[in-house]
Amino acid sequence: MTTRSYLEAGDRRGIPAWILSTDHKRIGVLYLAAMMFLFLVAVTIGVLMRVEQLTIAPPLFPPQIYNAFFTVHGVIMIFMFVLPGLPAVFGNFLLPIMVGARDVAFPRLNLLSWYFFITGAVLAVVSLFTGSAPPDTGWTFYAPYSIRTGGNVSLAVFAAFVLGLSSILTGLNFITTIHRLRTPSMTWHRMPLFVWAIYGTAWIQVLATPIIGITLLLVILERVFGIGVFDPAKGGDPLLYQHLFWIYSHPAVYIMILPAMGAITEIIPTFAHRTIFGYKAIAYSSIAIAALGSLVWGHHMFTSGMSTAANVVFSLLTFLVAVPSAIKVFNWTSTLYKGSIEVRPPMLYALTFIFLFTIGGLTGLMQGAVNVNQHVHDTYFIVGHFHYVMLGGTGMGFFAALLYWFPKMFGKMYNEKAAALAWFPIFVGFNMLYFSMLVLGYMGMPRRYYTHLPQYHTGHVIASIGSFVLAFGLVILLGDLLVALFRGKKAPQNPWNGVSLEWQIPTPPPLENFEEIPTVGRPYVFNQEAAR
Amino acid sequence: MSGAASDAPAGHKDYEGSKLGMWLFLFTEILLFGGLFILYSAYWARYTADFHRGGQMLNLGIGVANTVVLLTSSMTVAISVSAMQQGNRRLSIWCLAATVLLGLVFLGNKAIEWSAEIGEGLYPNSPELLARPHGEQLFFGLYYSMTGLHGLHVIAGIAVLSFMLNSIRRNTITRTDYGRLENAGLYWHLVDVIWIFLLPLFYLSA
């Protein structure tokens with residue numbers, strides 16, 4: 001039995017040692033590397049859009065290019081960063097360790113998922129530069145425009161299909177791993193809450209993703225053969241496209257946020273040095289979010305021409321799904337109560353998550369009301385709201401998780417001061433950017449316009465400056481981690497005094513994770529005496 | 001589904017686990033077709049009379065013949081799995097080969113059927129079809145999408161079963177180690193079950 005870390009073990013060296021490895025930890029790192037690159041590309045495109053909005057006229061980029069910008073920004077961010085981010089990186093790296101297993105249930109399938117991911121990413125990039133024009137539909141690919149436009153939609157849609165396949169296989173792998181490979185002493189109620197969150201996520205990945213798969217295939221068939229199912233000229237109904245799209249894409253929002261919530265749930269008790277408040281409530285709320293979240297897709301379509309009855313039902317269900325989300329927020333807050341809170345970088349970002357996610361969640365509730373929705377639909381209010389949830393929620397959760405587990409993953413400590421320093425421009429820039437969008441949207445600024453009317457100019461300038469500040473902060477943060485990767489001090493086994501299984505094994509973890517399959521007791525016991 | 005914490009697998013084989021994974025995969029396949037079934041129901045409700053006429057234009061004989069072919073192939077694949085479990089390698093091989101053959105017969109029938117329909121000008125975007133009512137255009141749009149997607153699954157199934165056939169011949173699937181064959185059989189049954197729904201939706205809608 002070797003005790004060499006997964007970074008050193010193995011027969012192969014160099015790049016083949018990574019891209020042919022079925023080790024869940026290496027695959028997690030592969031995802032991380034690919035995603036960080038894609039994330040930076042999408043951030044750059046996002047900043048370019050903000051540059052466009054700095055002036056009213058003449059536009060720096062022609063409208064068609066702006067359309068391609070928001071489409072590509074959305075496609076990359078959604079399908080290649082926010083959606084797969086936490087499950088593929090931290091789920092892969094940590095799930096087997098957290099349940100006391102040596103790998104996922106299907107290691108080769110796991111590697112195949114990564115190849116599908118990369119294939120999808122490459123196809124998406126290729127779709128930009130081939131065909132007559134880049135895709136210009138927005139990430140939602142709404143019919144009938146998506147079946148008519150001269151943009152290179154077919155390839156972009158196929159890329160999303162392949163990414164979906166990757167997501168399905170990852171979900172399937174995780175469900176099987178959690179059911180079959182938990183160490184015998186780890187009963188369901190001893191699982192870390194991150195694992196519960198990944199479990200809920202994996203079910204959505206498996207059950208919802210096929211729907212978008214078939215929908216996207218139909219868009220391709222529509223474009224190539226003209227089958228007519230979404231084409232009003234042939235009796236097809238574009239509204240059905242929206243239904244099918246959101247039947248997946250709303251639950252997908254919970255694929256994005258649930259694992260981030262799970263990571264936060266790991267971080268908060270560790271830095272409050274206190275057991276988690278309401279373990280079962282948090283665990284079951286993950287499942288409740290997964291279940292209820294599958295029934296609310298219609299709230300994206302309040303202005304699309306559904307019946308009033310459907311609007312009311314979807315509105316009601318939307319309010320219901322806020323309940324389990326709020327349960328989590330209250331439990332995190334209660335965990336902090338009377339804890340001895342230590343604000344180190346992971347905790348700083350985790351607390352930021354709670355703050356920003358709460359704003360994102362509450363603005364979401366506003367739109368859940370049909371009448372407010374009529375007013376703000378397709379405005380910057382929506383854009384502001386989902387960036388609060390996606391970047392403020394999932395993004396912050398991702399960075400919190402990265403800062404929390406980075407020492408374990410790479411065996412290096414980053415500069416904590418720099419990470420805390422980066423937080424300031426990130427937080428300030430973020431709110432300048434997206435709160436301005438909420439205000440602009442409420443004033444009536446429509447989304448996806450390449451320019452704006454003079455009355456929106458001030459808001460747009462504030463937002464654009466915010467985006468530069470935010471991007472600056474992100475560069476510091478990622479730069480700090482990059483420096484640590486090559487020059488960081490050696491990380492101790494358990495830098496934060498965490499109690500879950502990953503902290504009980506060497507840093508970085510050995511190839512097989514555990515020499516002997518571990519035995520576990522109650523989770524989140526921070527008092528060492530009580531643990532025995 | 002196994003709820004209790006289970007033993008870590010001895011060696012690297014976990015049949016329960018791989019079967020669980022396979023069932024999850026089959027769920028995703030059902031949901032993939034589920035999207036199409038939703039579209040079918042929505043358009044059937046809106047254009048019932050057109051769907052009725054569309055069904056009359058299909059060749060019921062070939063549809064029923066193909067149903068018989070697929071049902072028989074489901075039987076042969078089930079026999080093949082049982083035979084392997086009982087150590088009857090020879091029977092297992094023959095039945096699996098028969099399954100592959102029946103799958104090919106199905107595809108052959110399908111090809112004949114599609115060619116005839118395309119020959120009559122009944123294909124998406126054809127001038128003949130565009131002159132017909134909306135409901136019939138959608139009927140044929142769905143017909144080609146759904147039977148086409150199903151056909152792709154038949155092809156995939158044939159590939160998987162042929163691969164299994166090879167594994168049996170090379171003795172990597174044996175009496176004690178037949179999990180992959182069983183999972184391949186499950187996949188084939190799924191392909192069959194989906195067809196059982198396609199038959200009434202298209203051929204019997206007349």
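Which residue just after α4(B) takes a positive phi? In this predicted model, the residue is Gly121(B), with a phi of about 85 degrees.

**Figure 1. Overall architecture of chain B in the predicted model.** Chain B contains 7 helices and 0 strands, giving the pattern α-α-α-α-α-α-α along the sequence. Its C-alpha atoms fill a box of roughly 65 × 40 × 20 Å along the principal axes. Of the 206 residues in chain B, 38% count as buried. Among contacts in chain B with a separation of 6 or more, 75% are between residues 24 or more positions apart.

**Figure 2. Helix α4 of chain B and its surroundings.** Helix α4(B) covers residues 89-119, a run of 31 residues. From its first C-alpha to its last it reaches 45 Å, close to the 45 Å expected at 1.5 Å a residue. The buried residues in α4(B) are Ser92(B), Cys95(B), Leu96(B), Thr99(B), Val100(B), Leu102(B), Gly103(B) and Phe106(B). The elements that cover these buried residues include α3 (60-85), α6 and α7 (179-202) of chain B. Gly121(B), with its positive phi, lies just after this helix.

**Figure 3. The side of chain B that touches chain A.** In this contact, 33 residues of chain B meet 33 residues of chain A. Helices α1 and α6 (134-169) of chain B each supply at least two residues of the chain B side. The most is given by α1(B), with 15 residues. By class, the chain B side comprises 17 nonpolar, 13 polar and 3 charged residues.

**Figure 4. Crossing of α7(A) with α1(B).** The crossing is right-handed. From α7(A), the residues in contact are Ile168(A), Leu172(A), Ile175(A), Thr176(A), His179(A) and Arg180(A). They meet Glu16(B), Gly17(B), Leu20(B), Gly21(B), Leu24(B), Phe25(B) and Thr28(B) of α1(B). By class, this contact has 6 nonpolar, 5 polar and 2 charged residues.

**Figure 5. The largest nonpolar core.** This core has 222 residues. Those with the most contacts inside the core are Val195(A), Ile264(A), Phe353(A), Ala400(A) and Leu142(B). Leaving aside neighbours within four places in sequence, Val195(A) is in contact with Leu95(A), Met98(A), Val99(A) and Ile178(A). In soluble globular proteins, nonpolar side chains tend to be buried together.

Notes:
Residues are numbered from 1 along each chain as its sequence is written. Chains are lettered from A and ligands numbered from 1 in the order in which they are written. This is a predicted model: local features need pLDDT of at least 70, side-chain atom pairs count only at pLDDT 80 or more; totals for chains, interfaces and linings use all residues. Axes are lines fitted to C-alpha atoms, for helices over the stretch in contact, and angles run from 0 to 180 degrees between N-to-C directions. Helices (H or I, at least four residues) and strands (E, at least two) are DSSP runs, numbered from the N terminus. A crossing is left-handed if the near helix is turned anticlockwise from the far one by less than a right angle, and right-handed if clockwise. Two residues are in contact if their C-beta atoms, placed from the backbone, lie within 7 Å. Ala, Val, Leu, Ile, Met, Phe, Trp, Tyr, Cys and Pro count as nonpolar, Asp, Glu, Lys and Arg as charged, and the others, Gly among them, as polar. The expected span of a helix is 1.5 Å times one less than its number of residues. A residue is buried if 20 or more other C-beta atoms lie within 10 Å of its own, exposed if 12 or fewer, and partly exposed in between; C-beta atoms are placed from the backbone. A nonpolar core is a set of buried Ala, Val, Leu, Ile, Met, Phe, Trp, Tyr and Cys residues joined through C-beta atoms within 7 Å.
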